[in-house]
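Hi,

Here is the structure I promised to send over. Have a look at it first, and my notes on what turned up follow below.

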Amino acid sequence: MESYDVAIIGGGIVGLATAYRILQKRPQTRLLLLEKEDKLAAHQTGHNSGVIHSGIYYKPGSLRAKNCRAGKQQLEEFCTEHNIPFDRCGKVIIATKDSELPGLQSIFERGQANGVACELISRERLAELEPQTAGIAAIHVPETGIVDYVKVSEKLAEIIKEQDGNIRTQAELLKVEARSGQQVLTTKVGEFRTRQIVTCAGLQSDRIAKLCGWNPQAKIIPFRGEYYELCPRAEHLCRNLIYPVPDPNFPFLGVHFTRMINGGVECGPNAVLAFAREGYAKTNFNVRDMWDALSFPGFRKLGLKHWSAGLGEMYRSVSKPAFVTALQRLVPDIKSSDLIAAPAGIRAQAVTPDGKLVDDFLIEEDKQAIHVLNAPSPAATSALNIGETICDRLLKRFSS
C-alpha cells in the first residue's frame with residue numbers, strides 16, 4: 001500500500017492550489033491528490049466565466065474579502081511567472097434606477113474598506129466605458145480581470161508532478177478508516193495510507209467530509225447557473241464586464257455580461273435548483289441529490305424565504321424572452337436573436353439547518369483532516385491564498 005503524508009481529495013483549483021503550496025513550503029512532503037473524474041478541474045473550476053474578482057462585494061474582514069484581495073495578487077503573479085494570459089479589463093457595476101443608488105453606494109463603501117481600486121462615476125463616464133449600457137450611475141472597478149482557470153489548474157498540476165506529487169484521476173473515494181494511527185483511503189484505483197487528509201471536494205464536500213468521519217452541519221445545495229453567449233455580431237454591446245447592483249434580499253448577483261479571455265461574451269447566470277449536483281443539463285436528475293436537498297430542513301426554510309425570487313429565476317430558466325428582459329435592464333438594445341445557448345455551471349452552496357446560506361468560506365478540521373466545506377465565488381480568484389491558509393494549518397501538525 002502506498003503511504004503519504006498528505007492526501008488531498010478533489011482536483012479543482014482549490015485542491016491543486018493547496019497541493020502546490022504544501023510542496024512549495026515543505027518539498028519533502030509525500031503528497032497524493034485524488035480526483036474522481038478522468039480529468040482535473042472538471043466541475044466548478046471548469047464551468048465558470050473566468051473572472052478575476054476584486055473583492056468589492058464582500059463584507060470587510062470576512063474570509064472572502066481577505067482571501068480574494070490576497071489571492072488576486074498571488075494569481076496575477078503566478079500567471080505572469082508562468083506566461084498564462086490574463087487581462088485586467090475592468091468592470092462596471094451599474095444602477096439603472098434611483099432605488100438602486102443606495103445599494104451602489106454601499107458596494108462602493110465596501111470596496112473602499114477592502115482596499116479595492118474603484119470609483120463612483122457619472123452616466124457620462126459610464127457611456128465612455130460601456131456605451132450600450134442603460135445606467136444612471138456606476139462604479140468602475142479597473143482592477144477586475146479575466147483568465148482561463150483551467151489553464152491555471154493545468155499549470156498547477158504540472159508543477160505538482162515536477163515536485164514529485166502524485167495526482168490520480170478516476171480515483172473516487174469510497175471509504176476512509178483509521179488503522180494504526182493513520183487513515184486508509186479506499187478508492188476505485190486502490191488503497192492509500194496517509195497521515196493527514198485535506199478535502200476540497202466542491203459539490204461533494206459535505207459527503208466527503210462525512211466519509212472522513214466529520215459531521216458538517218451545513219449541507220451542499222446545488223444551484224445551476226445558465227448562460228447565453230452573444231453572437232459575434234452583437235459582441236460590440238459589451239466591451240468588458242457589466243454587472244447590476246445586486247438585490248440585497250437575494251443571495252446571488254443577478255445576470256451580467258462577461259467578456260471571456262478566449263473570446264466571446266457570456267451573459268448570465270440565473271440561479272435555479274439543480275436536480276443533480278453535477279447536472280449541467282436541465283434534464284439531468286439524480287434521486288439521491290434531490291432527496292438530500294428536499295429532505296433538508298434548511299433548504300425548505302431557504303425556499304420559503306426566497307420563494308418569490310426563486311420563481312423569477314425558474315421563469316427565466318424556461319423562458320428566453322424573460323432572460324432577455326433581465327439583460328435589457330443593463331443593455332437595452334440586446335435582442336433574443338443576439339443570444340446563443342452556452343454551457344451551464346453548478347454552484348456548490350452550503351446551507352445551514354436554519355435556512356441561511358453560508359456567506360463566507362467555511363473550513364473545519366479535526367485531528368486527522370481539514371475540510372473545505374464552502375468555497376463559493378471568489379474561490380478561484382482566492383485559491384492560492386486559500387491553499388496557503390490550509391498549508392499553514394497543516395504544517396503545524398507536522399512540526400508538533
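Let's start with Thr 144. Setting aside residues up to four places away in sequence, Thr 144 touches Val 51, Ile 52, Ser 54, Asp 87, Arg 88, Cys 89, Gly 90, Lys 91 and Leu 241. You'll find Thr 144 in the loop between β7 (137-141) and β8 (145-147). With a relative accessible area of 1%, Thr 144 is buried, since the cut-off for that is under 20%. Do keep in mind that this is a predicted model.

Apart from neighbours within four places in sequence, the contacts of Cys 200 are Ile 8, Ile 9, Gly 10, Val 14, Gly 15, Thr 18 and Val 372. Take Thr 18: it is 182 residues from Cys 200 in sequence, yet the two C-alpha atoms are 8.9 Å apart in space.

Now for a pair of helices. How do α2 and α11 lie relative to each other? The axes of α2 (residues 63-81) and α11 (residues 379-399) come within 6 Å and cross at roughly 105 degrees. Angles of 65 to 115 degrees count as roughly perpendicular, so that is the label for α2 and α11. On the α2 side, the residues that meet α11 are Lys 66, Asn 67, Cys 68, Ala 70, Gly 71, Lys 72, Gln 74, Leu 75 and Phe 78. Their partners in α11 are Thr 381, Ser 382, Leu 384, Asn 385, Ile 386, Glu 388 and Thr 389. Sorted by class, this contact has six nonpolar, seven polar and three charged residues.

There are some backbone details to check too. The peptide bond between Ser 377 and Pro 378 is cis, with omega near 15 degrees, and Pro 378 belongs to the loop between β20 (369-374) and α11. Gly 268 and Pro 269 are also joined by a cis peptide bond, with omega at about -5 degrees. Pro 269 is in the loop between β16 (265-268) and β17 (272-273).

Finally, two non-glycine residues with positive phi. Asp 164 has phi near 70 degrees and lies in the loop between α5 (149-162) and β9 (166-168). Asp 164 is exposed, at 69% relative accessibility. For Gln 170, phi is near 55 degrees, and this residue is in the loop between β9 and β10 (173-179).

Cheers

Conventions
Residues numbered from 1 in each chain as written. Predicted model: local features only at pLDDT ≥ 70, side-chain atom pairs only at ≥ 80, totals over all residues. Heavy atoms only, no water. Helix = DSSP H or I, 4+ residues; strand = E, 2+ residues; numbered from the N terminus. Buried < 20%, exposed > 50% of the residue type's maximum accessible area, 1.4 Å probe, protein only. Contact = heavy atoms within 4.5 Å. Axes fitted to C-alpha atoms, helices over the stretch in contact; angles between N-to-C directions. Parallel < 35°, antiparallel > 145°, perpendicular 65-115°, else oblique. Nonpolar A, V, L, I, M, F, W, Y, C, P; charged D, E, K, R; others polar.
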